[in-house]
Amino acid sequence: MYARRRHVYFAMMGTCVTLFVLAWSVVRLWSMPVAVGMCLVAMVIPPIAAMTANRRGPDDRWWDAPSGDAKSDEWWDELDGKRRRQP
């Protein structure tokens with residue numbers, strides 16, 4: 001799952017860079033409004049790519065993973081109503 005999100009992220013960012021480069025090196029020679037439109041589209045892509053790359057999947061464990069700090073984990077377990085097993 002992580003590899004697919006990473007590939008999608010790099011594809012989106014590659015598309016963003018390609019749009020910028022094409023807009024200002026080729027398209028502006030024929031139509032300035034189209035070049036500006038391409039840049040506006042490219043401007044929207046990075047935030048969407050970041051959200052896509054950082055999205056958590058249903059199989060990703062992050063909300064209940066222990067942090068490593070025993071006191072903090074004990075406190076959060078108490079708030080969640082979980083009982084920890086005593087070693």
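The model is predicted, so local features need pLDDT of at least 70, side-chain atom pairs count only at pLDDT 80 or more, and totals for chains, interfaces and linings use all residues. Residues are numbered from 1 along each chain as its sequence is written, and side-chain values use heavy atoms, with hydrogens and water left out.

**The overall layout**

- The chain comes to three helices and zero strands; here helices (H or I, at least four residues) and strands (E, at least two) are DSSP runs, numbered from the N terminus.
- Follow the sequence along and you get the pattern α-α-α.
- Of the 87 residues in the chain, 18% are buried. Buried means under 20% relative accessible area, exposed means over 50%, and partly exposed is in between (1.4 Å probe, protein chains only).
- Accessible areas come from the Shrake-Rupley method with a 1.4 Å probe, and for residues only the protein chains shown count as cover.
- Take the contacts with a separation of 6 or more: 46% of them are between residues 24 or more positions apart. Contact means heavy atoms within 4.5 Å.

**Inside: the nonpolar core**

- The largest nonpolar core has eleven residues: Met12, Cys16, Leu19, Ala23, Val27, Ala35, Met38, Cys39, Ala42, Ile45 and Ala49. A nonpolar core is a set of buried Ala, Val, Leu, Ile, Met, Phe, Trp, Tyr and Cys residues joined through side-chain atoms within 4.5 Å.
- H1 and H2 are the elements that give two or more residues to this core, and H2 gives the most, with six residues.
- Ala42 is in contact with Cys16, Leu19 and Phe20, once you leave aside its neighbours within four places in sequence.
- Ala49 sits in helix H2 and counts as buried because its relative accessible area is 0%.
- Leave aside the neighbours of Ala49 within four places in sequence, and it is in contact with Tyr9, Met12 and Met13. Ala49 and Tyr9 are 40 residues apart in sequence, yet 5.2 Å apart in space, C-alpha to C-alpha.

**Outside: the nonpolar patch**

- Val17, Phe20, Val21, Trp24, Met32, Val36, Leu40, Met43, Val44, Ile48 and Met51 make up a nonpolar patch on the surface, and together they have about 1,000 Å² of accessible area.
- Patches are made of residues with over 30% relative accessible area and no salt bridge: like charges are joined within 9 Å, nonpolar side chains (Val, Leu, Ile, Met, Phe, Trp, Tyr) within 5 Å. A salt bridge is a side-chain nitrogen of Lys or Arg within 4 Å of a carboxyl oxygen of Asp or Glu.
- Helix H1 (2-25) and helix H2 (32-54) each supply at least two residues of the patch, with the largest share, seven residues, coming from H2.
- Met51, one of the patch residues, is in helix H2 and is exposed because its relative accessible area is 58%.

- Arg5 lies in helix H1, and it counts as buried because its relative accessibility is 7%. Its side chain reaches the backbone oxygen of Arg55 at 3.3 Å.
- Pro33 has its place in helix H2 and is exposed because its relative accessible area is 64%. Pro33 and Ala23 are ten residues apart in sequence and 9.9 Å apart in space, C-alpha to C-alpha.

Terms used: A polar contact is a pair of N or O atoms within 3.5 Å; within protein, one must be able to donate a hydrogen and the other to accept it, and residues adjacent in sequence count only if both atoms are side-chain atoms.
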